[in-house]
Amino acid sequence: MKFKNAKLTDVGNYRKSNQDNLDFSIKKSGEAFGIVCDGMGGHACGEIASEIAVKKFVEYFQEQDFSNLTQKEVNRWLRNSVSNILTEMIEYSNENFETKDMGTTLTAILFTNVGAFVINVGDSRTYKLVNNELFQITQDQNLWNSTPEAERKDIQMSGVYERANDFTFWKVLTSALGPQKTLRIDTYYVENQEGTYILTTDGVHDYMDEEITASTLSNKKVKLKDKAELIIEDAKDNASTDNLSILIIEVEK
């Protein structure tokens, strides 16, 4: 497989610091790995949590031999990697007590000879461009999505949902990666690896126009780096209040 990528992070319009972290890595044996993490705003040392997650996951990826791993074994490796990262965070926070409450979201994609694998914690997202439309692979781990569907319908009909809108109450995370956080790991499998993927923090996907984003990604005349800039600028123009990070990956045979 051949890979092209563009990664971009922006402090945004309102934040004083950037707690996002992201990376993309390719092994000589042909596998590739992309990751985006959003250090949790309002929590101590969110930038440290996201940095540990990205740095360690890329290290684990470079050290691992994927050549003979089955789909089940790759999935297990991904989950074990997150557990090992959590151990690293706990050890770090034991030596640096002020970081006990740090946390981060995590979304990552791994390309191997048996398919593409997505792993997700929190509300950063991985999308794939399908027939010039964005398809969201991951599901946000938040209060709204953890509420049973029947209850969600009742809430929407009662008007409670509008009073406690999507950008406040219902977006409260039910899972994050950190020493004192509740952790749930979701994994997804993509059999057909070819295509265009984007990994985003909520500062991007909560504010971008999905139709414009899909159109931008589909435009073969625009360079990959320029596409990343255009998508982030669109989110900023739509009054994004957070840090913004995006990783675009193009996969060809």
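1. Asp 242 counts as buried, at 12% relative accessibility, where buried means under 20% relative accessible area, exposed over 50% and partly exposed in between, taken with a 1.4 Å probe and protein chains only. The side chain of Asp 242 meets that of Arg 15 in a salt bridge, at 3.2 Å from N to O, the term standing for a side-chain nitrogen of Lys or Arg within 4 Å of a carboxyl oxygen of Asp or Glu. This pair links distant parts of the chain, 227 residues apart, with Arg 15 in the loop between β1 (2-10) and β2 (20-26) and Asp 242 in the loop between α7 (224-237) and β10 (244-252). Arg 15, for its part, is partly exposed, with a relative accessible area of 35%.

2. A word on the basis of this note: the model is predicted, so that local features need pLDDT of at least 70 and side-chain atom pairs count only at pLDDT 80 or more, while totals for chains, interfaces and linings use all residues. Residues are numbered from 1 along each chain as its sequence is written, and side-chain values use heavy atoms, with hydrogens and water left out.

3. As for the overall picture, the protein chain has 7 helices and 10 strands, which are DSSP runs numbered from the N terminus (helices H or I, at least four residues; strands E, at least two). Of the 253 residues in the chain, 52% are buried. The accessible surface comes to about 12400 Å², and 46% of that surface belongs to carbon and sulfur atoms, the areas being computed by the Shrake-Rupley method with a 1.4 Å probe, and for residues only the protein chains shown count as cover. Where contacts (heavy atoms within 4.5 Å) join residues at least 6 apart in sequence, 72% of them are between residues at least 24 apart.

4. The structure holds 9 salt bridges, and another of them brings together the side chains of Glu 250 and Lys 227, at 3.7 Å from N to O. Because Glu 250 lies in strand β10 and Lys 227 in helix α7, the pair ties together parts that are 23 residues apart in sequence. Both Glu 250 and Lys 227 are buried.

5. Within helix α7, Glu 233 and Lys 236 are 3 residues apart and therefore separated by about one helical turn. They form a salt bridge in which the closest N and O atoms are 3.7 Å apart. Glu 233 is partly exposed, with a relative accessible area of 38%, whereas Lys 236 counts as buried at 18% relative accessibility. Asp 10 is linked with Glu 233 and Lys 236 in a network of salt bridges.
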